[in-house]
Amino acid sequence: MTPQEQFVSLYKQMADLCKENGWGDPFSYARSKEIYATCALGHTMPGPNVYAGADGINENNEGVEYKSTTQKTCRGSYTGISVQPTWEKQLHYLHTDKIGKYPEHYYNRFEDGVLVESWKMRGHKVLEILTKKLKKKYPTILEKKDPRLSANISWTDIKKHGEQVI
């Protein structure tokens, strides 16, 4: 088999495996990295229409959030956060629908396609860090061309408040 034929065969096998297990399209955005991290961390994949938005399900049967990077250090970008009409409603949305609903956030670093490092941070700490950053941006966000909020969890944040699991 040529390398090209082997690639197509493996591609089809991955697509079939994910379809059979209800894991979604492994080639859509970072879905393959989420599937990989779920396996490596001993988590399970969310079932169809279960834990909407969760990237994985931990050992306590809770939905968790994954952030992946190929940079030299772990980090997490929280982008495309819908803007609510008031800061109070924004805060409620962040707590209940977007960030705070996940008790654990994992920051996974991939190198040459392999998960080489993973850090876990408690959801309440992620929410605390991001809330401060988002609150500063909130008053002027609607003046932007793309009026959605975004903020990052930095490597410094992860080292200070996280726990390395891989």
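Visitor: Hi! Which helix does D97 lie in?
Guide: D97 lies in helix α3, residues 87-98. Helices here are DSSP runs of H or I with at least four residues, strands are runs of E with at least two, and both are numbered from the N terminus. This is a predicted model, where local features need pLDDT of at least 70, side-chain atom pairs count only at pLDDT 80 or more, and totals for chains, interfaces and linings use all residues. Residues are numbered from 1 along each chain as its sequence is written, and side-chain values use heavy atoms, leaving out hydrogens and water.

Visitor: Okay, and why does D97 count as partly exposed?
Guide: Because its relative accessibility is 44%. Buried means under 20% relative accessible area, exposed means over 50%, and partly exposed is in between (1.4 Å probe, protein chains only).

Visitor: How far apart are D97 and K33 in space?
Guide: They are 23 Å apart, C-alpha to C-alpha, and 64 residues apart in sequence.

Visitor: New topic: in what order do the strands of the sheet come?
Guide: Five strands form an open sheet with mixed pairing, in the order β1-β2-β4-β5-β7. Two strands pair if DSSP finds at least two bridges between them.

Visitor: Which strands stand at the edges?
Guide: β1 (56-57) and β7 (163-164) do; each has a single partner strand, so one side of each is left without a neighbour in the sheet.

Visitor: How does β7 pair with β5?
Guide: β7 and β5 (residues 114-122) pair in the antiparallel sense over two bridges. In β7, E163 is the bridge partner of K120.

Visitor: Last one: what follows α1?
Guide: G22 does, and its phi is positive, near 70°.
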